[in-house]
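Trainee: I have a model open and would like to go through it with you. Could we take it one question at a time?

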Amino acid sequence: MAAAAPDSVAAFGSGLRAVGYLPGEATALVSFLATKLGKPILVEGPAGVGKTELAKALAKVLDRRLVRLQCYEGLDEAKALYEWNYRKQLLRIQAERQDTAWEEVQDDIFGEEFLLSRPLMDAITSELPIVLLIDEIDKTDQEFEAMLLELLSDFQITIPELGRVEARTMPVVLLTSNNSRELTEALKRRCLYLWLDYPSPEHELAIVRLHAPELAETLARRIVEVVAMVRDLDLKKPPSIAESIDWARALLLLGADDVSPEVFRSTMSIIVKHRTDLDIVAERVGVKLGMAAA
Ligand SMILES: Nc1ncnc2c1ncn2[C@@H]1O[C@H](COP(=O)(O)OP(=O)(O)OP(=O)(O)O)[C@@H](O)[C@H]1O
Ligand SMILES: [Mg+2]
């Protein structure tokens, strides 16, 4: 059974922390308001800052099932909402006796049994309240966004052959975007907006320590410092929280006790993943670390 939503911003914050998600101030506030006002949350920000993870955490806090629609270029209603199971319909028609009237067959093959339900349909028809994650909405085109708008405003759809399907419960909806295209004003207007950026050093330290608890605090601090240094450079792809965590775990496995210039050189590909970025980082950060060590 779904749990009652926490009753204050602070309670929401503790709820998220309790399930392993360390929210910033705005995150707890927006999550609280979204559940109370029944509005979708639009989360934007660079890669790997915890957008998808927030939806998973919300589902845990609210004790609801997470229904996830992963968006991609060319995603259409048939893959997002529903489509008719043509094969099964065909088999059904073939199995009919020759003399059955078409009307009879038609009534039969456009029933629920022949519907392939996709994530959005699954979300609408769910008997228990859910959290709906529409991940990377910016990858789809504007037509898809328009369809989604309609769905998000009244949570019902009409299937021509079957009639109207209405949601039985109100889902908590979270949409994420990496900003690869500007979303429409119409969509933004309907959502509460949450911008997730790279965290402050203290916040990131807490996240890294949560994911790599065995790591010494001094080394964790050093990792966060160096990552911040790397982010300050003008890179194609700055390291995200996900990469800080990977790096922390790697250094733990390797038994490193400091980020020496050697350790940095041999492991920096864990946080920097572009050929040209690697050159810049090796030169600029490598030199700084060397000076600090000398
Ligand atoms: N606030 C946080 N508390 C705990 N863990 C976090 C937090 N933010 C990020 N993480 C960790 O960072 C990793 C990356 O997060 P996530 O996959 O949600 O990023 P994303 O923003 O969805 O990235 P992308 O845009 O690439 O999909 C996750 O494994 C998650 O555990
Ligand atoms: Mg994601």
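Trainee: Is Phe155 buried or exposed?

Mentor: Keep in mind that this is a predicted model. Phe155 is in the loop between helix H8 (142–154) and strand E6 (156–159). The cut-off for buried is under 20% relative accessible area, so Phe155 counts as buried, with a relative accessibility of 5%.

Trainee: What is the phi of Phe155?

Mentor: Phe155 is not a glycine, and yet its phi is positive. The value to look for in that loop between helix H8 and strand E6 is about 50°.

Trainee: Which side chain reaches the backbone nitrogen of Asn179?

Mentor: Start with Asn179 itself, which sits in the loop between strand E8 (172–177) and helix H9 (185–190). Asn179 is another residue that is not a glycine but has a positive phi, here about 70°. Its backbone nitrogen is reached at 3.0 Å by the side chain of Ser177.

Trainee: Are Ser177 and Asn179 buried, exposed or partly exposed?

Mentor: Ser177 belongs to strand E8, and its relative accessibility is 1%, so Ser177 is buried. Asn179 has a relative accessible area of 36%.

Trainee: Let's turn to the ligand. How many residues surround ligand 1?

Mentor: The closest ones are Leu22, Gly48, Lys51, Thr52 and Glu53. By type, the shell divides into eight nonpolar, six polar and three charged residues. The number around ligand 1 is 17.

Trainee: How much of the area of ligand 1 does the protein bury?

Mentor: The space that ligand 1 takes is the largest pocket. Taken alone, ligand 1 exposes 640 Å², and of that the protein buries 82%.

Trainee: Which elements give two or more residues to the shell around ligand 1?

Mentor: Look for helices in the shell around ligand 1. The elements that give two or more residues are helix H3 (51–62), helix H10 (201–211) and helix H12 (241–254).

Trainee: How far is the C-alpha atom of Gly255 from that of Ala242?

Mentor: Gly255 lies in the loop between H12 and H13. Its relative accessible area is 54%, so Gly255 is exposed. Gly255 and Ala242 are 13 residues apart along the chain, and their C-alpha atoms are separated by 20 Å.

Trainee: How far apart in space are Trp195 and Val43?

Mentor: Trp195 is in strand E9 (residues 192–195), and at 39% relative accessibility it counts as partly exposed. In sequence, Trp195 and Val43 are 152 residues apart. In space, C-alpha to C-alpha, the separation of Trp195 and Val43 is 5.8 Å.

Technical notes: Residues are numbered from 1 along each chain as its sequence is written. Chains are lettered from A and ligands numbered from 1 in the order in which they are written. This is a predicted model: local features need pLDDT of at least 70, side-chain atom pairs count only at pLDDT 80 or more; totals for chains, interfaces and linings use all residues. Side-chain values use heavy atoms; hydrogens and water are left out. Helices (H or I, at least four residues) and strands (E, at least two) are DSSP runs, numbered from the N terminus. Buried means under 20% relative accessible area, exposed over 50%, partly exposed in between (1.4 Å probe, protein chains only). A residue is near a molecule or strand if one of its heavy atoms lies within 4 Å of it. Accessible areas come from the Shrake-Rupley method with a 1.4 Å probe; for residues, only the protein chains shown count as cover. On a 1 Å grid over the protein atoms alone, a cavity is a set of points where a 1.4 Å probe fits but cannot get out, and a pocket is an open set with protein on both sides within 12 Å along at least five of seven lines; lining residues have an atom within 4 Å of a point. A molecule sits in a cavity or pocket if more than half of its atoms lie within 2 Å of its grid points. Ala, Val, Leu, Ile, Met, Phe, Trp, Tyr, Cys and Pro count as nonpolar, Asp, Glu, Lys and Arg as charged, and the others, Gly among them, as polar. A polar contact is a pair of N or O atoms within 3.5 Å; within protein, one must be able to donate a hydrogen and the other to accept it, and residues adjacent in sequence count only if both atoms are side-chain atoms.
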